[in-house]
Amino acid sequence: MNLDSRLEELLVAQAFEPPPDFVERVMRDVALHPKPRMRAEPPAWLSWVAAIAAVAFGIGQLVTFMFTAWITAGVE
Amino acid sequence: MDIDCILARIAGGDRNAFAEIVAVYQRPLYAFLGRLGLTRDAATDIAQETFVRAWRNLDQYIPERAAFSTWLFSIARNLALSELARSARARERSEGTLTGQTAFEHGPHDDLAADQSTRKLRAALERLELTERTALALFYVRDLSLAEIAGLEGATVGAVKVRLHRARSKLRELLEDELG
């Protein structure tokens, strides 16, 4: 066996094996932290802005309708 | 493993999908940390912290910029470098004394019958430049290409090749008796 092969062998043998319960240990740690917001998700405040905009639009429509009705009633 | 699918499941509220990521990457991550010359205990702490940080910062992962493995290993690399620097400082402080365990010394959970060659290799790895050591350790991670290693190391592919060559030459020199 040449030197390089022996060195490779040593380096490969240097790797550790994770403990059998490693995934469970990590997931126990992960459980302590809230679910991160993912990139694809819109920020939480955006839904509030959308809701307020929808309500404002609805009120605007209603006011316009009532104003139009009032004008129309006046003309008649 | 379809990482996009797993990330979509996590976005949908399935926390357990992250366990699949841990299951896939735990071995290569441990192997990387072992080849850096860290002890099993230090490797365990860093591997665990790497996954927790990855979980907390999943929103910072940008698939268009790098593969998930590259992103994950960059977290591990940074943590490992901090640990190596910390243990180097501790070693300097405790020089001349018998106390002060460092990342290179055998922790209580290390195999008692640790192979002599492994110990010599660990001591030799310690004598490499940090950049040579990280390049060498990353080289054996199957998921990473030379270009990705270069990205992680903040160097060109050519520079990484030079570091690998230098690291191997130094190790051959340091372990002459062992390899011969």
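## Before you start

Residues are numbered from 1 along each chain as its sequence is written, and chains are lettered from A and ligands numbered from 1 in the order in which they are written.

## Confidence

The predictor assigns the complex an ipTM of 0.75 and a pTM of 0.73. For single residues the score is pLDDT, the predictor's confidence in each residue, from 0 to 100. Chain A has a mean pLDDT of 83, with 84% of its residues at 70 or more; chain B averages 84, and 87% of its residues score at least 70.

In chain B the lowest mean, 72, belongs to helix α9 (residues 176-179), and the highest, 93, to α3(B). A friendly reminder: where pLDDT is low, the predicted coordinates should not be read in detail.

## The two chains

Helices and strands here are DSSP runs numbered from the N terminus, helices being H or I with at least four residues and strands E with at least two. Chain A has three helices and zero strands, while chain B has nine helices and zero strands.

To describe burial, C-beta atoms are placed from the backbone, and a residue is buried if 20 or more other C-beta atoms lie within 10 Å of its own, exposed if 12 or fewer, and partly exposed in between. Buried residues make up 11% of the 76 residues in chain A and 38% of the 180 residues in chain B. Among contacts in chain B between residues at least 6 apart in sequence, 62% join residues at least 24 apart.

## Where the chains meet

Chain B brings 37 residues to the contact and chain A brings 28. On the chain B side, the elements giving two or more residues are α1 (3-11), α2 (17-35), α3 (40-56), α5 (116-126) and α8 (157-174). The largest share of that side, 11 residues, comes from α2(B).

The chain B side divides into 21 nonpolar, eight polar and eight charged residues. In this count, Ala, Val, Leu, Ile, Met, Phe, Trp, Tyr, Cys and Pro are nonpolar, Asp, Glu, Lys and Arg are charged, and the others, Gly among them, are polar.

Tyr25(B), Leu29(B), Phe32(B) and Leu33(B) of α2(B) meet Ser69(B), Leu72(B), Phe73(B), Ala76(B) and Ala80(B) of α4(B). These residues divide into eight nonpolar, one polar and no charged.

A nonpolar core is a set of buried Ala, Val, Leu, Ile, Met, Phe, Trp, Tyr and Cys residues joined through C-beta atoms within 7 Å. The largest one has 53 residues, and those with the most contacts inside it are Phe32(B), Leu33(B), Ala76(B) and Leu138(B). α2(B) gives the most to this core, with nine residues. Leaving out residues up to four places away in sequence, Phe32(B) touches Phe73(B), Ala76(B), Ala137(B), Leu138(B) and Val141(B).

Ala17(B) lies in helix α2 of chain B and is partly exposed because 16 other C-beta atoms lie within 10 Å. Beyond its neighbours within four places in sequence, Ala17(B) contacts Ile6(B), Arg9(B) and Ile10(B). Ala23(B), in the helix α2 of chain B as well, is partly exposed with 14 other C-beta atoms within 10 Å.

In helix α7 (residues 146-153) of chain B, Glu148(B), Ile149(B), Ala150(B) and Leu152(B) are buried. Their cover includes α4, α6 (130-139) and α8 of chain B. Just after α7(B), Gly154(B) takes a positive phi of about 65°.

Notes:
This is a predicted model: local features need pLDDT of at least 70, side-chain atom pairs count only at pLDDT 80 or more; totals for chains, interfaces and linings use all residues. Two residues are in contact if their C-beta atoms, placed from the backbone, lie within 7 Å.
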